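Please read them alongside the structure.

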Amino acid sequence: IASGTISLMVFTILSKLLGFVREMILAANFGANWRLDALIVAMDPPMQIGGMISSAVASMMIPIYLGEKAKNNPELTKKYTSQILFFSSFLLLIFGLILSLFSNSLIKVFAPNFNAAETAYAVRKMQLIGFIPLIQGFNSLASSVIKAEKRYLLASVVQVFYNLIAIPVILMFSPILSESSYLLAFILGTLAMNVIHLVIIRKSLSFKDMFNFSQYHKVFETLRLAFPLIFSGSLGVVYNIIDKAFASYLEEGSISSIRYAQTINSMITSIIIGSLLTTVFTELVGINLKKDQEAVERRLKKTSGDIFNLSIPLTAWLILMSQYIITILFQRGNFTNETSIAVSGAFSGYMISFLITPINLLISRLFESNKKTSIFFFIAIFNVLLNVLFNALLIKPFGIMGLALSSSLVSFCQFIIYYI
């Protein structure tokens, strides 16, 4: 685990540092304005659907993939890999096309307080990007195959290429395309990762088996196990839509400000916790296949202790330094002092959840490694209802910081449910 975590962390840090540079360029060029708000509202649903479906399927792929591999029949493993990638990609494409076809109605739901110009701008963008769930989801699925083989270093190297493509694209095209240069950068960076992933896993694929529907029983088993995760993930999309809908009632640039805060928060979580949980999950799957409950408990206790020892002092420091961090990172060009204050407030609100979110993720990984996913149905519904309640209570007194605090409160409530 140590070597896998270190290699993942090194390249995750490199990737996230490049991500910081990308966000700094976006902030300096565009700040927080209505066009960026509209672009984010248009891009979020396709991106989240791609991530939601692919991450759920990828989580269930790993234990089934390792189960097939344990049979010492490479053809079975190759057949399963090919079929699950093909069928999942097909589902992702269908969902993306649905979003494009109904973009006008969906934007009115996602951002009910947008004016006519903002709505029209967002609709135009969403109509063009129905393929995003496919290209984004493929990366997650292909990466899970690489990680299942414990090729952590290779998996972590690939993620660096996204920002190596995205940053020059934004710099080159922002004078021409304005905020749309971010969309172009996302598409080209994601496609570059698609190509690299396909080259890496090509020997694990068998194109002739993709259309052999009579042998899809393992694919259907994966989807059956993934469905509760997809369902909870879909409510997570609703959760995000609710935040954006509430933010659309605030001043111009609020959605962009929330996005900046969410991006920094997710980068920190990914750097500090994501690499560890990825390797822990793969180990938990292997331990569960051996039915060694004592080893599972030892691993959980050690990982939980490591996470708490790191997250408590780090959270306190980040909240205290939030204004300085945001100012240093972003306050230049079109990113004003007022925007810095708004983003730092939201960032502080989100960072409170860092105390407990890693433990929630660890517990989720345990359920996934045991193929016990039905609990996610109930937790997801409960989270959405709480999110609406807390948003409604906190948005008036605290503005966008209230939306961030709402997310943190939901995370703490989720931990209480897990504990019960």
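1. Among contacts in the protein chain with a separation of 6 or more, 84% are accounted for by residues 24 or more positions apart, where contact means heavy atoms within 4.5 Å. This is a predicted model, in which local features need pLDDT of at least 70 and side-chain atom pairs count only at pLDDT 80 or more, while totals for chains, interfaces and linings use all residues. Residues are numbered from 1 along each chain as its sequence is written, and side-chain values use heavy atoms, with hydrogens and water left out.

2. The secondary structure of the protein chain comes to 16 helices and zero strands; helices (H or I, at least four residues) and strands (E, at least two) are DSSP runs, numbered from the N terminus. Of its 420 residues, 56% count as buried, a term that means under 20% relative accessible area, with exposed being over 50% and partly exposed in between (1.4 Å probe, protein chains only).

3. The accessible surface of the protein chain comes to about 17,900 Å², and 69% of that belongs to carbon and sulfur atoms; such areas come from the Shrake-Rupley method with a 1.4 Å probe, and for residues only the protein chains shown count as cover.

4. Phe 90, Leu 93, Ile 94, Phe 95, Leu 97, Ile 98, Leu 101 and Phe 102 make a nonpolar surface patch of about 740 Å². Leu 93 has its place in helix α3 and, at 31% relative accessibility, counts as partly exposed.

5. Which residues does Asn 139 touch, not counting residues up to four places away in sequence? They are Thr 190, Met 193, Asn 194 and His 197. Asn 139 itself is found in helix α6 (residues 132-148), and it counts as buried because its relative accessibility is 8%.

6. Asn 72, in the loop between α2 (34-69) and α3 (74-101), has a positive phi of about 60 degrees although it is not a glycine, and at 68% relative accessibility it counts as exposed. Ser 178, in the loop between α7 (152-177) and α8 (180-201), has a positive phi near 55 degrees and is likewise a residue other than glycine, but at 26% relative accessibility Ser 178 counts as partly exposed.

Definitions and conventions:
Patch = residues over 30% accessible without salt bridge, like charges linked within 9 Å, V, L, I, M, F, W, Y side chains within 5 Å. Salt bridge = Lys/Arg side-chain N within 4 Å of Asp/Glu carboxyl O.
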